[in-house]
Amino acid sequence: MENDQHNKVLIALGLTIRKIREESTNLSQDKLALEVDLSENQIRRIEKGQTNPTVKTLLKIAKALKVDVKDLFTKF
């Protein structure tokens, strides 16, 4: 049950990041990866909810997307 909730949160987080990136910026996954010093594969995994990004990573992503970090959690 707990793992189910954890997975749902990661998926929702990833979808929100992707939605903001696609709708509010001109950043591709590759460009976002460069901005936050991650691999494109890592950005792809975050957006698919396949990995648990650190707070530091989320802060970098929020800054690159020009949103507050709390905006990444609006779907919860």
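E22 is partly exposed, with a relative accessible area of 45%; here, buried stands for under 20% relative accessible area, exposed for over 50%, and partly exposed for values in between (1.4 Å probe, protein chains only). The model is a predicted one, in which local features need pLDDT of at least 70 and side-chain atom pairs count only at pLDDT 80 or more, while totals for chains, interfaces and linings use all residues. Residues are numbered from 1 along each chain as its sequence is written, and side-chain values use heavy atoms, with hydrogens and water left out.

E22 takes part in a salt bridge with R18, the closest N and O atoms being 2.9 Å apart. A salt bridge is counted where a side-chain nitrogen of Lys or Arg lies within 4 Å of a carboxyl oxygen of Asp or Glu. R18 and E22 are four residues apart in helix 1 (residues 2-24), and are therefore separated by about one helical turn. Helices (H or I, at least four residues) and strands (E, at least two) are DSSP runs, numbered from the N terminus. R18 has a relative accessibility of 40% and so counts as partly exposed. E22 also forms a salt bridge with R21, where the closest N and O atoms are 3.7 Å apart. R21 is buried, its relative accessible area being 6%.

A further salt bridge links R44 with E40, with 3.2 Å between the closest N and O atoms. These two residues lie four residues apart in helix 3 (residues 40-47), so that about one helical turn separates R44 and E40. R44 is partly exposed at a relative accessible area of 30%, and E40 is likewise partly exposed at 31%. Salt bridges with shared partners join R18, R21, E22 and E47 into one network. In total, the structure holds five salt bridges.

L34 is found in helix 2 (residues 29-36). With a relative accessibility of 67%, L34 counts as exposed. L34 and R18 are 16 residues apart along the chain, and their C-alpha atoms are separated by 16 Å.

The secondary structure of the protein chain comes to four helices and zero strands, and the pattern read along the sequence is α-α-α-α. Along the principal axes, the C-alpha atoms fill a box of roughly 35 × 20 × 20 Å. Of the 76 residues, 34% count as buried.

Among contacts (heavy atoms within 4.5 Å) with a separation of 6 or more in the protein chain, 60% are between residues 24 or more positions apart. The protein chain exposes about 5,200 Å², of which carbon and sulfur atoms supply 49%; accessible areas come from the Shrake-Rupley method with a 1.4 Å probe, and for residues only the protein chains shown count as cover. The protein chain carries 14 positive and 11 negative side chains, and the centres of the two sets lie 1 Å apart. Lys and Arg count as positive and Asp and Glu as negative, whereas His and the chain ends are not counted. The place of a charge is taken as NZ of Lys, CZ of Arg, CG of Asp or CD of Glu.
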